[in-house]
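Subject: Structure for you to look at

Hi,

Here is the structure I promised to pass on. Please open it and keep it beside you while you read my notes below.

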Amino acid sequence: MHLKMLGLINRGFLKKQFITIVCKVDECPWKITCNAVGYTDTVQVHTFRNVHNHSLDDVASFKPLVRSNRASLVIDNAIRSNPDYHPRQICEDFNKQHGMRLSYSQAWHLKEKAKERVYGLPKNYYKLLPWMCERIVQKNPGTIVELTHSSDGCFGQLFIAHAISIQGFTMGCRPIIAIDSSHMSGPYNDALFFATSYDANDSMFPSAIGVMSSENYEDWSWFLENLKKAVGDKEVVIISDRRLALLHSVSEIFGVENHAHCYHHLKEDFISFLNKNIIRGTTGKENALQWLDSIAYARLEHDYNVRMVELKRFNDALATWVKDNAPER
(Lines give C-alpha, C1' and ligand atoms only; values in the text may rest on other atoms or scores of the structure.)
Protein backbone atom coordinates (compact mmCIF):
# COMPACT_ATOMS: atom_id res chain seq x y z
CA MET A 1 0.00 0.00 0.00
CA HIS A 2 1.43 3.40 -0.96
CA LEU A 3 0.99 5.77 1.97
CA LYS A 4 2.42 8.91 3.47
CA MET A 5 2.69 9.73 7.18
CA LEU A 6 1.45 13.03 8.59
CA GLY A 7 2.07 12.23 12.26
CA LEU A 8 4.26 9.86 14.25
CA ILE A 9 4.11 7.84 17.44
CA ASN A 10 7.16 7.12 19.55
CA ARG A 11 7.15 5.07 22.72
CA GLY A 12 7.60 7.45 25.64
CA PHE A 13 5.68 10.37 24.13
CA LEU A 14 2.50 11.68 25.74
CA LYS A 15 -0.61 9.69 25.00
CA LYS A 16 -2.00 12.61 22.97
CA GLN A 17 0.57 11.91 20.26
CA PHE A 18 -1.19 10.61 17.16
CA ILE A 19 -0.59 9.37 13.68
CA THR A 20 -2.50 10.14 10.51
CA ILE A 21 -1.84 8.08 7.40
CA VAL A 22 -3.29 9.10 4.06
CA CYS A 23 -2.82 7.93 0.52
CA LYS A 24 0.19 9.52 -1.14
CA VAL A 25 -1.90 10.64 -4.13
CA ASP A 26 -3.44 14.09 -3.71
CA GLU A 27 -7.22 14.26 -3.22
CA CYS A 28 -7.52 10.53 -2.58
CA PRO A 29 -9.99 10.00 0.32
CA TRP A 30 -8.18 6.95 1.82
CA LYS A 31 -7.29 7.79 5.43
CA ILE A 32 -6.62 6.27 8.83
CA THR A 33 -6.09 8.13 12.13
CA CYS A 34 -5.12 6.68 15.51
CA ASN A 35 -3.40 7.59 18.75
CA ALA A 36 -1.26 5.83 21.35
CA VAL A 37 -2.95 4.20 24.34
CA GLY A 38 -1.06 5.51 27.35
CA TYR A 39 2.64 4.66 27.15
CA THR A 40 2.16 1.26 25.53
CA ASP A 41 2.77 0.04 21.99
CA THR A 42 -1.00 -0.20 21.45
CA VAL A 43 -2.78 2.29 19.21
CA GLN A 44 -6.50 3.10 19.03
CA VAL A 45 -7.96 3.68 15.55
CA HIS A 46 -10.45 6.56 15.26
CA THR A 47 -10.96 6.89 11.52
CA PHE A 48 -10.58 4.34 8.71
CA ARG A 49 -11.77 5.39 5.25
CA ASN A 50 -10.90 2.47 2.97
CA VAL A 51 -11.59 3.98 -0.48
CA HIS A 52 -9.13 4.87 -3.28
CA ASN A 53 -10.06 6.92 -6.35
CA HIS A 54 -6.96 6.63 -8.59
CA SER A 55 -4.87 4.23 -10.66
CA LEU A 56 -1.43 2.70 -10.03
CA ASP A 57 0.08 5.15 -12.53
CA ASP A 58 -0.83 8.01 -10.17
CA VAL A 59 1.00 6.26 -7.35
CA ALA A 60 4.13 5.65 -9.41
CA SER A 61 4.47 9.32 -10.38
CA PHE A 62 3.90 10.75 -6.91
CA LYS A 63 6.64 12.23 -4.73
CA PRO A 64 6.01 11.93 -0.98
CA LEU A 65 5.08 14.95 1.12
CA VAL A 66 7.01 15.03 4.40
CA ARG A 67 5.85 17.44 7.08
CA SER A 68 8.92 18.48 9.04
CA ASN A 69 7.00 19.29 12.25
CA ARG A 70 6.00 15.67 12.74
CA ALA A 71 8.46 13.61 10.74
CA SER A 72 11.34 15.24 12.63
CA LEU A 73 10.19 13.37 15.75
CA VAL A 74 11.89 10.32 14.25
CA ILE A 75 15.37 11.85 14.53
CA ASP A 76 15.09 13.50 17.96
CA ASN A 77 17.25 10.86 19.65
CA ALA A 78 19.78 10.96 16.82
CA ILE A 79 20.13 14.74 17.20
CA ARG A 80 20.60 14.39 20.97
CA SER A 81 23.47 11.94 20.52
CA ASN A 82 24.91 13.56 17.39
CA PRO A 83 24.17 17.28 16.87
CA ASP A 84 26.22 17.15 13.64
CA TYR A 85 23.86 14.63 12.05
CA HIS A 86 24.22 15.56 8.38
CA PRO A 87 21.17 15.99 6.11
CA ARG A 88 22.64 13.58 3.56
CA GLN A 89 22.90 10.92 6.25
CA ILE A 90 19.30 11.64 7.24
CA CYS A 91 18.26 11.00 3.63
CA GLU A 92 20.06 7.64 3.62
CA ASP A 93 18.65 6.57 7.01
CA PHE A 94 15.07 7.54 6.10
CA ASN A 95 15.31 5.53 2.91
CA LYS A 96 16.67 2.46 4.71
CA GLN A 97 14.44 2.60 7.78
CA HIS A 98 11.17 4.02 6.43
CA GLY A 99 11.35 3.50 2.67
CA MET A 100 11.01 7.25 2.05
CA ARG A 101 13.25 9.19 -0.31
CA LEU A 102 13.88 12.69 1.03
CA SER A 103 15.44 15.60 -0.78
CA TYR A 104 18.36 17.41 0.84
CA SER A 105 16.05 20.35 1.63
CA GLN A 106 13.50 18.10 3.34
CA ALA A 107 16.22 16.47 5.46
CA TRP A 108 17.63 19.87 6.40
CA HIS A 109 14.22 21.09 7.59
CA LEU A 110 13.70 17.88 9.57
CA LYS A 111 17.00 18.47 11.33
CA GLU A 112 16.18 22.10 12.12
CA LYS A 113 12.79 21.17 13.61
CA ALA A 114 14.36 18.42 15.70
CA LYS A 115 17.07 20.81 16.97
CA GLU A 116 14.41 23.30 18.03
CA ARG A 117 12.56 20.60 19.96
CA VAL A 118 15.70 19.17 21.60
CA TYR A 119 17.65 22.37 22.32
CA GLY A 120 14.96 25.05 22.19
CA LEU A 121 14.60 28.10 19.94
CA PRO A 122 17.87 29.93 19.15
CA LYS A 123 16.39 33.25 20.28
CA ASN A 124 16.03 31.87 23.80
CA TYR A 125 19.77 31.27 24.08
CA TYR A 126 20.38 35.00 24.17
CA LYS A 127 18.33 35.28 27.36
CA LEU A 128 21.02 33.23 29.12
CA LEU A 129 23.86 35.55 28.16
CA PRO A 130 23.76 37.84 31.25
CA TRP A 131 23.84 34.80 33.54
CA MET A 132 26.60 33.16 31.50
CA CYS A 133 28.75 36.30 31.57
CA GLU A 134 28.32 36.61 35.33
CA ARG A 135 29.31 32.97 35.87
CA ILE A 136 32.36 33.27 33.61
CA VAL A 137 33.70 36.15 35.70
CA GLN A 138 32.90 34.36 38.96
CA LYS A 139 34.65 31.15 37.96
CA ASN A 140 37.57 32.83 36.16
CA PRO A 141 38.69 35.89 38.17
CA GLY A 142 40.48 38.40 36.00
CA THR A 143 38.40 37.59 32.93
CA ILE A 144 37.10 40.60 30.99
CA VAL A 145 33.50 40.24 29.81
CA GLU A 146 31.43 43.01 28.26
CA LEU A 147 27.83 42.68 27.07
CA THR A 148 25.62 45.35 25.56
CA HIS A 149 21.98 45.52 24.46
CA SER A 150 20.09 47.75 22.10
CA SER A 151 17.49 50.23 23.31
CA ASP A 152 14.71 47.67 22.78
CA GLY A 153 16.51 45.01 24.83
CA CYS A 154 17.89 42.95 21.95
CA PHE A 155 21.42 41.58 21.86
CA GLY A 156 24.04 44.10 20.82
CA GLN A 157 27.69 43.13 21.41
CA LEU A 158 29.70 40.57 23.41
CA PHE A 159 33.41 40.58 24.27
CA ILE A 160 35.27 37.88 26.22
CA ALA A 161 38.97 37.74 27.12
CA HIS A 162 39.62 34.88 29.54
CA ALA A 163 42.02 35.49 32.41
CA ILE A 164 44.29 32.65 31.24
CA SER A 165 44.49 34.25 27.76
CA ILE A 166 45.38 37.65 29.24
CA GLN A 167 48.05 36.12 31.46
CA GLY A 168 49.41 33.91 28.68
CA PHE A 169 49.71 36.82 26.28
CA THR A 170 51.51 38.98 28.84
CA MET A 171 53.97 36.28 29.90
CA GLY A 172 54.61 34.17 26.82
CA CYS A 173 53.55 35.80 23.54
CA ARG A 174 55.13 38.20 21.12
CA PRO A 175 53.54 41.67 21.03
CA ILE A 176 51.68 40.89 17.81
CA ILE A 177 47.92 40.30 17.55
CA ALA A 178 46.06 39.29 14.40
CA ILE A 179 42.38 40.20 14.23
CA ASP A 180 39.69 39.00 11.86
CA SER A 181 36.00 38.19 11.72
CA SER A 182 33.68 35.66 10.18
CA HIS A 183 29.96 35.47 9.57
CA MET A 184 28.16 32.98 11.81
CA SER A 185 25.66 30.46 10.53
CA GLY A 186 22.18 30.50 12.00
CA PRO A 187 19.05 32.64 11.83
CA TYR A 188 20.57 35.95 13.02
CA ASN A 189 23.65 36.44 10.80
CA ASP A 190 25.87 37.74 13.59
CA ALA A 191 29.63 38.02 13.16
CA LEU A 192 32.32 36.31 15.22
CA PHE A 193 35.32 38.54 16.02
CA PHE A 194 38.58 37.04 17.24
CA ALA A 195 42.06 38.19 18.24
CA THR A 196 44.97 35.74 18.01
CA SER A 197 48.55 36.18 19.15
CA TYR A 198 51.66 34.02 18.64
CA ASP A 199 53.67 32.29 21.34
CA ALA A 200 57.39 31.50 21.45
CA ASN A 201 56.84 28.33 19.38
CA ASP A 202 55.12 30.30 16.60
CA SER A 203 51.83 28.65 17.54
CA MET A 204 48.56 30.57 17.57
CA PHE A 205 47.34 31.63 21.00
CA PRO A 206 43.71 32.80 21.43
CA SER A 207 43.54 36.23 23.06
CA ALA A 208 39.88 37.32 22.82
CA ILE A 209 36.61 36.67 21.04
CA GLY A 210 33.55 38.76 20.35
CA VAL A 211 30.10 38.43 18.82
CA MET A 212 28.69 41.45 17.01
CA SER A 213 25.62 42.18 14.96
CA SER A 214 27.74 43.44 12.05
CA GLU A 215 31.31 44.20 10.96
CA ASN A 216 31.09 47.97 10.76
CA TYR A 217 33.32 50.68 12.20
CA GLU A 218 31.35 51.00 15.46
CA ASP A 219 31.52 47.28 16.25
CA TRP A 220 35.22 47.05 15.44
CA SER A 221 36.00 50.12 17.54
CA TRP A 222 34.09 48.67 20.51
CA PHE A 223 35.90 45.33 20.17
CA LEU A 224 39.34 46.96 19.91
CA GLU A 225 38.70 49.23 22.89
CA ASN A 226 38.02 46.18 25.03
CA LEU A 227 41.00 44.36 23.52
CA LYS A 228 43.21 47.27 24.55
CA LYS A 229 41.97 46.82 28.13
CA ALA A 230 43.01 43.16 27.95
CA VAL A 231 46.58 43.82 26.74
CA GLY A 232 47.04 46.63 29.26
CA ASP A 233 50.05 48.91 28.88
CA LYS A 234 51.88 46.49 26.58
CA GLU A 235 52.51 48.04 23.17
CA VAL A 236 51.34 45.68 20.44
CA VAL A 237 51.19 45.54 16.66
CA ILE A 238 47.77 44.75 15.19
CA ILE A 239 47.65 42.73 11.97
CA SER A 240 44.46 42.91 9.93
CA ASP A 241 43.12 42.84 6.42
CA ARG A 242 42.63 46.20 4.80
CA ARG A 243 38.88 46.69 5.09
CA LEU A 244 37.91 50.31 5.57
CA ALA A 245 36.40 49.87 9.05
CA LEU A 246 39.69 48.45 10.35
CA LEU A 247 41.90 51.04 8.67
CA HIS A 248 40.22 53.71 10.80
CA SER A 249 39.46 51.89 14.06
CA VAL A 250 42.86 50.21 14.55
CA SER A 251 44.75 53.43 13.83
CA GLU A 252 42.59 55.41 16.25
CA ILE A 253 42.88 52.98 19.16
CA PHE A 254 46.35 51.42 18.78
CA GLY A 255 48.04 54.06 16.63
CA VAL A 256 48.70 54.12 12.91
CA GLU A 257 52.34 53.09 13.50
CA ASN A 258 51.15 49.87 15.18
CA HIS A 259 48.86 48.73 12.36
CA ALA A 260 50.28 46.14 9.95
CA HIS A 261 48.47 44.74 6.93
CA CYS A 262 48.06 40.99 6.48
CA TYR A 263 50.34 39.98 3.60
CA HIS A 264 48.04 37.11 2.61
CA HIS A 265 45.15 39.52 1.92
CA LEU A 266 47.50 42.02 0.26
CA LYS A 267 48.80 39.32 -2.06
CA GLU A 268 45.26 38.31 -3.02
CA ASP A 269 44.52 41.92 -3.97
CA PHE A 270 47.76 42.04 -5.97
CA ILE A 271 46.82 38.85 -7.86
CA SER A 272 43.38 40.29 -8.61
CA PHE A 273 45.07 43.42 -9.98
CA LEU A 274 47.30 41.24 -12.16
CA ASN A 275 44.39 39.27 -13.57
CA LYS A 276 42.20 42.26 -14.32
CA ASN A 277 44.60 44.79 -15.74
CA ILE A 278 48.23 44.04 -16.37
CA ILE A 279 49.87 40.69 -16.81
CA ARG A 280 48.85 37.84 -19.07
CA GLY A 281 50.43 34.42 -19.04
CA THR A 282 51.63 32.18 -16.21
CA THR A 283 55.32 33.10 -16.41
CA GLY A 284 54.74 36.83 -16.14
CA LYS A 285 52.44 36.41 -13.14
CA GLU A 286 54.92 34.14 -11.37
CA ASN A 287 57.72 36.68 -11.88
CA ALA A 288 55.53 39.49 -10.56
CA LEU A 289 54.65 37.50 -7.44
CA GLN A 290 58.30 36.66 -6.81
CA TRP A 291 59.17 40.37 -6.90
CA LEU A 292 56.30 41.11 -4.54
CA ASP A 293 57.60 38.44 -2.11
CA SER A 294 61.11 39.85 -2.24
CA ILE A 295 59.75 43.35 -1.50
CA ALA A 296 57.56 42.17 1.37
CA TYR A 297 60.33 40.16 3.04
CA ALA A 298 63.16 42.66 2.48
CA ARG A 299 64.94 43.17 5.82
CA LEU A 300 66.96 46.24 4.84
CA GLU A 301 65.86 49.46 3.20
CA HIS A 302 68.55 48.98 0.56
CA ASP A 303 67.12 45.57 -0.38
CA TYR A 304 63.64 47.04 -0.56
CA ASN A 305 64.74 49.86 -2.88
CA VAL A 306 66.60 47.45 -5.18
CA ARG A 307 63.56 45.16 -5.51
CA MET A 308 61.25 48.11 -6.19
CA VAL A 309 63.52 49.30 -9.01
CA GLU A 310 63.50 45.81 -10.51
CA LEU A 311 59.72 45.61 -10.29
CA LYS A 312 59.39 49.05 -11.92
CA ARG A 313 61.58 47.91 -14.81
CA PHE A 314 59.40 44.83 -15.20
CA ASN A 315 56.13 46.76 -15.07
CA ASP A 316 55.72 50.34 -13.92
CA ALA A 317 52.00 49.90 -13.10
CA LEU A 318 52.79 47.10 -10.62
CA ALA A 319 55.39 49.21 -8.85
CA THR A 320 52.89 52.06 -8.63
CA TRP A 321 50.29 49.70 -7.14
CA VAL A 322 52.73 48.60 -4.42
CA LYS A 323 53.61 52.21 -3.55
CA ASP A 324 49.93 53.14 -3.34
CA ASN A 325 49.13 50.31 -0.91
CA ALA A 326 51.20 51.34 2.12
CA PRO A 327 54.27 49.09 1.66
CA GLU A 328 55.67 50.33 5.00
CA ARG A 329 52.96 48.29 6.73
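First, a caution: this is a predicted model.

Just after helix α9, G232 takes a positive phi of about 70 degrees. The helix itself covers residues 217-231. Its length checks out. At 1.5 Å a residue, its 15 residues should span 21 Å, and the end C-alpha atoms are 21 Å apart, so the two agree.

Now look at the start of α9. A side-chain oxygen of N216 comes to within 3.3 Å of the backbone nitrogen of E218.

Several α9 residues are buried, including W220, L224, L227 and V231. Check their spacing. An α-helix has 3.6 residues a turn, so residues three or four places apart point the same way.

What does α9 pack against? One partner is helix α10, residues 244-254. The angle between the two is about 30 degrees, and their axes are 9 Å apart. The crossing is right-handed. From α9, the contact uses W220, L224, L227 and V231, among others; from α10, the residues include L246, V250 and I253. By class, this contact has 10 nonpolar, 3 polar and 3 charged residues.

Next, find I179 in strand β7, residues 173-183. Is I179 buried or exposed? Its relative accessible area is 4%, which is under the 20% cut-off, so I179 is buried. Among the residues that I179 touches are W220, L224 and L227, as well as L246 and V250. I179 also touches I239. Those two are 60 residues apart along the chain, yet their C-alpha atoms are separated by 6.3 Å.

Best wishes

Definitions and conventions
Residues are numbered from 1 along each chain as its sequence is written. This is a predicted model: local features need pLDDT of at least 70, side-chain atom pairs count only at pLDDT 80 or more; totals for chains, interfaces and linings use all residues. Side-chain values use heavy atoms; hydrogens and water are left out. Helices (H or I, at least four residues) and strands (E, at least two) are DSSP runs, numbered from the N terminus. The expected span of a helix is 1.5 Å times one less than its number of residues. Buried means under 20% relative accessible area, exposed over 50%, partly exposed in between (1.4 Å probe, protein chains only). A polar contact is a pair of N or O atoms within 3.5 Å; within protein, one must be able to donate a hydrogen and the other to accept it, and residues adjacent in sequence count only if both atoms are side-chain atoms. Axes are lines fitted to C-alpha atoms, for helices over the stretch in contact, and angles run from 0 to 180 degrees between N-to-C directions. A crossing is left-handed if the near helix is turned anticlockwise from the far one by less than a right angle, and right-handed if clockwise. Contact means heavy atoms within 4.5 Å. Ala, Val, Leu, Ile, Met, Phe, Trp, Tyr, Cys and Pro count as nonpolar, Asp, Glu, Lys and Arg as charged, and the others, Gly among them, as polar.
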